[in-house]
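Here is a short report on a single protein chain.

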Amino acid sequence: LEPTGAIPFKISEAIRYIQTHLQTSLTVEQLAERAHQNPDYFSRIFKENTGERPLAYIQLKRIERAQFLMITSDLSFNEIAAETGFESLAYFSRMFKKVTGQTPSMYRKNNRRV
């Protein structure tokens, strides 16, 4: 067993991979395969160490990246959606509102540095 508080290498490796591949299509199967683990087992261990299932974690990180891009760039919402791995603007907007409680345009307007 891992010492408490330490994230197993395979999970920290998966987190690093997620962060650097947000714009690509990511699946639990892919991540589990990279870690040489069964997808169900991987998903359970991932949740134990991050508090989220892999797909929920990926969505959260994509939204965080989108928030960063909205505040720091002039990219359109379409470009941000593509850059953060969402297959459509509608899906991106729905997920963004679900996570942040605001629409992308409200968020950008409220958080934009002038």
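## Model and chain

This is a predicted model; local features need pLDDT of at least 70, side-chain atom pairs count only at pLDDT 80 or more, and totals for chains, interfaces and linings use all residues. Residues are numbered from 1 along each chain as its sequence is written, and side-chain values use heavy atoms, without hydrogens and water.

The chain has 7 helices and 0 strands (DSSP runs: H or I of at least four residues for helices, E of at least two for strands, numbered from the N terminus). Its C-alpha atoms fill a box of roughly 50 × 25 × 20 Å along the principal axes. Of the 114 residues, 36% are buried (under 20% relative accessible area, 1.4 Å probe, protein chains only).

## Helices α4 and α6

Helix α4 and helix α6 (residues 89-100) pack at about 95 degrees, axes 10 Å apart (axes are lines fitted to C-alpha atoms over the stretch in contact; angles run from 0 to 180 degrees between N-to-C directions). That makes α4 roughly perpendicular to α6 (65 to 115 degrees).

The contact (heavy atoms within 4.5 Å) includes Ile-63 and Met-70 of α4 and Phe-92 and Met-95 of α6.

## Helices α4 and α7

Helix α4 (residues 54-72) meets helix α7 (residues 104-111) at about 50 degrees, with axes 9 Å apart.

Among the contact residues are Gln-67 and Met-70 of α4 and Tyr-107 and Arg-108 of α7.

Conventions:
Parallel < 35°, antiparallel > 145°, perpendicular 65-115°, else oblique. Buried < 20%, exposed > 50% of the residue type's maximum accessible area, 1.4 Å probe, protein only.
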